[in-house]
Amino acid sequence: MKRLLTLAMSLLSLSVTAQTVASMNELNAVQKAAATNVKLTGKLSTGGNSDFRQLRDLCYQLRSIDLGSADCEAIPNNAFHSRHVLEQVVLPENVRSIGSQAFFACTALNSIELPKTLTRVGDAAFSGCTKLRDITINGTPTLGEFAFARLSGLRTLRVNSAVPPVTSASTFEGIDRKKVKLVVPRGSEMKYRRAEGWNRFFGTPDNDNRLCNPAEALVPVPAHLEMTGGNPLSVNRLWEVMAADGLANECVQAERLLRERLPKIKNPVIAGKATLTLGIDTSLADDEAYTLVVSEKGVTIQGRTARGVFYGLMTFDQLLRGNGTSVCCESIPQLRIADQPRTHIRELMLDPCRTFIPFDELKAFVPEMARYKYNTIHLHLTDDQAWRIEIKKYPELTAQASARVGMDDMMVPISGYYTQKQMREFVDYAAQYHIQVVPEIEMPGHEVAAIHVFPELTCGAKQVPIRTTCGVSNELLCPGSEFTFEFLGNVFKELADIFPSPYIHLGGDEAGNPALNCWTDCPKCQALKRQLGITTTDRSENWRLQEYMFNRVIDTLRTKYGKTPMFWYETDFKKIQPGCVTFAWRHGLTKRALEAAVANNAKIMLCPGEHCYFDYPMAPGDMPEVNWGMPIIPLKRTYELDPAWGMGSDFEQNNLFGVAGTLWSECINTPERIYYQAYPRALALAEVGWSPVASRSWEGFLKRLSPVLKDMMRRGITFSMQY
Ligand code: TNX
């Protein structure tokens, strides 16, 4: 009765306040941003800036959506991906399919009724809807993998079909059968009891994950894997971790992963303990190298350093995961792995400026990267749209430039910054996973947020608003003003103290290409040009000024703080200061960036746009459906990256610094969507950066990818499925 009353009241409030329109194009931008209840009555569009994309990305306050009288046969993939405030949905009466991840992590959704017309619910469609209490299925749709996984709040599942809908074994992954009431038509219980997937509600289903096949379990693929024969190691035993001196952190990590994979061992299935031995072997050739031996009695991991031991543990974790059809396999064959990385910096770059990443979400990103042996996280802390790091000397920066409304067409409030205390905590946390944190402060472009707070940082001390759109701004830091150097010096002083990494990234991108004229008429810049003897007027002078600016800052960083500066390479940077690291990022210009690195004897990071820009869609129609004209980067393209770019072994030894994937966030509007953009391409890049060519193959990768992705789905990590 009480529920009926609540339902009636909520329907009443819906009818009173709902914006009722045929299509989203009838609402203006403000109405979309303000909408909490929307009822659509027309034929719904599904491609590009569709009704669904607008509902998801422009109506950020949307709590209820009524499509009951709309015409729509297919709810698209990702239709309401990670909409955390969406509580109620009425589906169209003629709907036939719900796309993959359509309601992924709609954490406020409270009930759903699937109409009779429905024939398919896509993979992970409702995964992670933790408040979903009631599901009613009226027809017999096929239910995809993990479609109703991780529904910790589920209490009633009502299926009004005497024939059990076809499910996969993973459809109800994580269901707590003591808490969920399955209601099926009288007389059909036996059929449900026997049907795959549904049998989860009646007992523990059989385990398909028996003997791990190491050849199909590991990403990145190891350099050497040898099967040594004999009886496999049974893993359902009590494990004891024995760690050598100096490996306290790895011991903790080992215990954690054993707890995660083997949570239910109360009475070990096999008598006798298994031992995980962690040790140091200084004869190994590389600081990140390790060996891993599986015997009948346990596992021994040795690294040249703690880092190597940690990577051995990440490999062990994947062996335990086996084929991914359950949390853990039952046994691992005896084997020996000898492994070490091809490149020494394997990085993902996060951009909390365009869209802020809350601190806890930022931390959560770390363990996932570590699984695939990434060792660097690059934080893009300032840009035109925000300043995201507390600077004690200039508290105005975060006070005045960390909150705005709007990112392109999304009229969303975006605010937040990291305190220095948080960043220190983050550095320590990441270090437990052997991940270093490299901070980036942009100069001289992409710095409007700082200029907004201190107009004297730019030529003519112009007052400029914080930018709310993507693209490039004309306001640059003024190289002719001493305040610019004083400001940067003070900021870098604090950064150098917070971040122990030997590297600091100085930005340097897009401050002259496309050509900007900020410095042309500025009297201070003109005076500086005279002083430096620069007489050209073809804009090459801009690059000379930039060089002057970089040289001064680079000198400060190196001599005062002992840091190695990094910057985004632009082809007009003819001279690279000795010891700096450049980043090859621009589409089509990688070769020129590499040649410049060789000519200057500099190190270079490979993150070419055509392979490594994970903010771009992975397939046509994939998220982000609306963007500034991003090219598509398929998974295979990422996998095909040759980190040496055909430049030979001298280049690889002397110049190649590592590989990086970027996650610029103009179009990434929830933390979950960072993972969606990153994975599975970040898995391909992890292998590009770690594995020797001889071990790699696209076909092999695809086979090895499958258990990784199953494991991610089980753990509630989202990724693009359109590869
Ligand atoms: C260019 S990549 C930029 C960023 C944008 C990105 C979008 C780079 C060094 N600069 O400011 O976010 O394109 O993909």
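In this predicted model, E625 forms a salt bridge with R56, and the closest N and O atoms of the two residues lie 2.7 Å apart.

**Domains**
- The protein is divided into domain 1, which takes in residues 1–43 + 54–61, domain 2 (73–201), domain 3 (214–339) and domain 4 (346–698).
- Taken over C-alpha atoms, the centres of domain 1 and domain 4 are separated by 40 Å, and the contact between these domains takes seven residues from domain 1 and nine residues from domain 4.

**Buried area**
- Between domain 1 and domain 4 an area of about 650 Å² is buried, and carbon and sulfur atoms give 58% of that area.
- Of the area that domain 1 buries against domain 4, 63% is supplied by R56, D57 and Y60, which is more than any other three residues supply.

**Polar contacts and the side of domain 1**
- Three residue pairs are counted in polar contact between domain 1 and domain 4, with both residues of a pair at pLDDT 80 or more.
- On the side of domain 1 that touches domain 4, the elements that give two or more residues are helix 2 (29–34) and helix 3 (51–58).
- Sorted by class, that side of domain 1 has five nonpolar residues and two charged residues, with no polar residues.

Note on methods:
Residues numbered from 1 in each chain as written. Predicted model: local features only at pLDDT ≥ 70, side-chain atom pairs only at ≥ 80, totals over all residues. Heavy atoms only, no water. Domains from an automatic or database assignment. Contact = heavy atoms within 4.5 Å. Buried area = accessible area lost by both parts, 1.4 Å probe. Salt bridge = Lys/Arg side-chain N within 4 Å of Asp/Glu carboxyl O. Polar contact = N/O pair within 3.5 Å; in protein donor to acceptor, adjacent residues only side chain to side chain. Helix = DSSP H or I, 4+ residues; strand = E, 2+ residues; numbered from the N terminus. Nonpolar A, V, L, I, M, F, W, Y, C, P; charged D, E, K, R; others polar.
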